[in-house]
Structures are given as C-alpha cells and as structure tokens.
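Student: I have a model open and would like to learn how to read it. Could you walk me through it?

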Amino acid sequence: MLHERCTNDFKTLLAEVITAETVAQKTEDGKTVLDSWSTAKRLLKPDPRYSKMPRKERETLWRRYAEEMLRKQKSQQDKKEDKHTDSKNRSANESGRYQSGSRRTNDRR
C-alpha cells in the first residue's frame with residue numbers, strides 16, 4: 001500500500017516537473033529531460049517525493065514516462081504532418097481541376 005502511494009506520488013511528480021516547457025529546454029550538450037536521466041534527476045531531486053521512491057525504481061519509472069511522452073509527441077507530429085499533406089494534396093487537386101477547365105466537361109458527361 002505504501003509502495004503504491006510512493007509510486008503514484010513519483011508519477012505525479014514526473015507529470016508536474018516534466019512539462020512541454022521543460023522538455024523544450026536543452027542542456028549545453030543537447031540533452032533534455034526526456035533523453036537524459038541525469039538531466040531529469042536534477043529537476044526532480046529537490047522534491048521530497050523523489051527521495052521517498054526507492055532508488056532502484058526511480059529511473060525505470062522516469063524511463064517509462066519519458067517513452068510515453070515521446071510516443072505522444074511523435075503521434076501528434078504525425079497527425080500534423082498528415083493534415084498538412086492532406087490539405088496540400090487537396091488544394092493541388094482542386095486547383096488542377098479548375099485550371100484545366102475539365103470540371104465543366106466532366107459535369108456534362
């Protein structure tokens with residue numbers, strides 16, 4: 001029961017500290033809180049919930065959280081790219097139809 005509470009508290013800490021804003025920040029050597037445990041640890045350590053979690057499990061929970069965040073980011077980027085590609089294709093198809101004048105001849109057939 002206590003372990004579950006510590007785990008939930010640590011997950012809450014991750015969600016509070018690892019935000020879009022902190023993810024966007026890179027260290028001098030190009031690391032972020034999602035790809036570097038040591039970078040994330042610097043932000044998490046001051047909070048008492050960090051030390052309540054057993055040392056062996058901290059990095060594992062962070063890694064799972066980071067992987068999930070990266071998966072969500074990739075999914076959102078893919079959706080944006082799909083929408084952008086779809087709208088580009090649609091406008092190219094529409095402009096092609098109107099420029100060639102084929103729209104009227106197709107309507108009469």
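Student: How many helices and strands are there in the protein chain?

Tutor: Helices (H or I, at least four residues) and strands (E, at least two) are DSSP runs, numbered from the N terminus. Here the protein chain has six helices and zero strands, so its elements read α-α-α-α-α-α from the N terminus on. This is a predicted model: local features need pLDDT of at least 70, side-chain atom pairs count only at pLDDT 80 or more, and totals for chains, interfaces and linings use all residues. Residues are numbered from 1 along each chain as its sequence is written, and side-chain values use heavy atoms, leaving out hydrogens and water.

Student: Is T32 buried or exposed?

Tutor: Buried means under 20% relative accessible area, exposed over 50%, partly exposed in between (1.4 Å probe, protein chains only). T32 has 9% relative accessibility, so T32 counts as buried. T32 sits in the loop between α2 (20-24) and α3 (37-44). Across the protein chain, 23% of the 109 residues are buried.

Student: Which residues does T32 touch?

Tutor: Contact means heavy atoms within 4.5 Å. Setting aside residues up to four places away in sequence, T32 touches V23, Q25, K26 and T39.

Student: Which residues touch the most other members of the largest nonpolar core?

Tutor: A nonpolar core is a set of buried Ala, Val, Leu, Ile, Met, Phe, Trp, Tyr and Cys residues joined through side-chain atoms within 4.5 Å. Among the 18 residues of the largest one, they are F10, I18, L44 and W62. Two or more residues come from each of α1 (2-17), α3 and α5 (55-100), and α1 gives the most, with five residues.
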